[in-house]
Amino acid sequence: MFEETTRQLISFIDRSPSCYHAVANFGSILEGAGFQSLTEGEKWTLTPGGKYYVRRNESSLIAFALPMGEPGGFQIAAAHSDSPSFKLKENPEMDAEHKYTRLNVEKYGGMLMAPWFDRPLSIAGKAVVKDGSRIESRLVNLDRDLVLIPNLAIHMNRSVNEGYAYDPQQDLLPLFGDASAKGKLMPMIAREINCAPEDILGTDFFLYNRVPGTIWGASGEYFSCARLDDLQCAWSAVTAISRATPSKAIALCAIFDNEEVGSSTKQGVDSTFLADVTERICLCLNKSREDYFTMLASSFMISADNAHAVHPNKGACADPVNRPVLNGGIVLKFNASQKYCTDAVSAALFRELCQRANVPCQSFFNRSDIAGGSTLGNLSNHHVSLITADIGLPQLAMHSPYETAGIKDTEYLLDALTVFYESALLQEAPGRYAML
């Protein structure tokens, strides 16, 4: 069971080299489970027991399933579709030494830069093209070993292993080909999407790691793959809602883009996307605005973004007591500065869910002298204020182009989220709750 689930996840990630491909593939999973596609620019007609999803920017997605009866609130799980990478600039081809052609790129998100060297890379994303009188976007995946970022030999930088500050503009430009390669990239992309190069009016292209995911370890207990942060949680949330049958609350799965660069876009979690969709659902169900706020009071959000496992070689970097491990179960994330939203109430509710699903749960705190990163929960609460637990799955080498996790943990999250989507939160009184 654990290995089969992991292989399904790896297959999904290998087929999802960019956030756009991930969201398109999520749409295919949902449609296979009977979800109907909606668009924000059209009126919605929703029916009890119906299942729907809507996309924004082709890189974010919200899916929801309605119970047959009167819904008490929302059960929301959120994750993100993007991962740190290098984004191609306009006019990317650059001459080098009159013998090579490099591509001009910039950092997207806060990545570990050293692991990007000396591995096969390719290019994926979307192109916006002119098709007659219309402009449309098309997915692009140059699905072959295409570029590589070569390291400088140790003989030319003897102190590199003592620490080196990489310059993205100088050190991390990928090699595309020899001098004759200049001018070939856009025609190559145009052939891929069946258009003329001059019809490509806009692009969002990223580098991606071509090394396939693999299961490894003495007993096959670990696996490594690109983009585990956060496609491991996102795939689990989409798969869970596609399997669940909600009975008392509206099950909702939200996958946002641009988490790695601050989320302040129309498709990020710090946008109106979640608020727009939840309120529209209520309006389509003939609820008043007062009903909407009443429902939010009996709603629960799980912000699912991967967590740091204690490192086998750097245990001193972890909290002295709260030290998640691979295959140890889902991680509840806490932070006194409220970068994570987990508090006593949401922790208790989430632990109750894990007990019902019979899956283990761990706790994560940063060392008190090490600042942590932010995630989805606190930014989402700027727009839709909910009881929220920040969770994740334990992993190593976060923000590397090749990350590592435990073979059991994806199945744990899938089981917990399925129970979550089939449950409902009831706020009986201030400070008193029931999970139905």
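What follows goes from helix packing to backbone details and then to cavities and pockets.

A few ground rules come before the tour. The model is predicted, so to speak of local features a pLDDT of at least 70 is needed, side-chain atom pairs count only at pLDDT 80 or more, and totals for chains, interfaces and linings use all residues. Residues are numbered from 1 along each chain as its sequence is written, and side-chain values use heavy atoms, with hydrogens and water left out.

Let's begin with the helices. Helices (H or I, at least four residues) and strands (E, at least two) are DSSP runs, numbered from the N terminus. Axes are lines fitted to C-alpha atoms, for helices over the stretch in contact, and angles run from 0 to 180 degrees between N-to-C directions. Find helix α5 (residues 228–243) and helix α10 (residues 409–421): they pack at an angle of about 40°, with axes 8 Å apart. The two helices α5 and α10 are therefore oblique to each other; angles under 35 degrees count as roughly parallel, over 145 as roughly antiparallel, 65 to 115 as roughly perpendicular and the rest as oblique. The crossing of α5 and α10 is right-handed, where right-handed means that the near helix is turned clockwise from the far one by less than a right angle, and left-handed means anticlockwise.

Which residues make this contact? On the α5 side they include Trp235, Ala237, Ala240 and Ile241, and on the α10 side Leu413, Leu414, Leu417 and Tyr421 are among them. Contact here means heavy atoms within 4.5 Å. By class, the contact of α5 with α10 has 9 nonpolar, 5 polar and 1 charged residues. In this scheme Ala, Val, Leu, Ile, Met, Phe, Trp, Tyr, Cys and Pro count as nonpolar, Asp, Glu, Lys and Arg as charged, and the others, Gly among them, as polar.

Helix α10 also meets helix α1 (residues 2–14): their axes come within 8 Å and cross at roughly 90°. That makes α1 roughly perpendicular to α10. Here Phe2, Thr5 and Leu9 of α1 touch Thr410, Glu411, Tyr412 and Leu414 of α10, and the residues of this contact divide into 4 nonpolar, 2 polar and 1 charged.

Elsewhere, look for helix α6 (residues 273–284) and helix α7 (residues 289–297), whose axes come within 9 Å and cross at roughly 120°. Helices α6 and α7 are therefore oblique to each other, and α6 passes α7 in a right-handed crossing. In α6, Ala275, Thr278, Glu279 and Cys282 meet Arg289, Tyr292 and Met295 in α7. This contact has 4 nonpolar, 1 polar and 2 charged residues.

Next, the backbone. Most residues other than glycine have a negative phi, and most peptide bonds are trans. Where does the model depart from this? A cis peptide bond joins Asp229 and Asp230, with omega about 15°, and Asp230 is found in helix α5. Asn194 has a positive phi of about 60° although it is not a glycine; Asn194 lies in the loop between α4 (185–193) and β10.

On a 1 Å grid over the protein atoms alone, a cavity is a set of points where a 1.4 Å probe fits but cannot get out, and a pocket is an open set with protein on both sides within 12 Å along at least five of seven lines; lining residues have an atom within 4 Å of a point. Grid points are joined across faces, edges and corners, and a volume is the space filled by probe spheres set on the points.

A search of the whole structure finds 1 cavity of 30 Å³ or more, and the largest cavity has a volume of about 220 Å³. Of its 22 lining residues, Pro17, Ser83, Pro84, Ser85 and Arg227 are closest to the centre. Both β10 (200–209) and α5 supply at least two residues of the cavity lining, and β10 gives the most, with 4 residues.

The largest pocket has a volume of about 480 Å³. It is lined by 17 residues, with Pro150, Asn151, Leu152, Gln170 and Asp171 nearest its centre. The second largest pocket has a volume of about 340 Å³, and its 20 lining residues include His308, Ala309, His311, Cys317 and Ala318, which lie nearest its centre.
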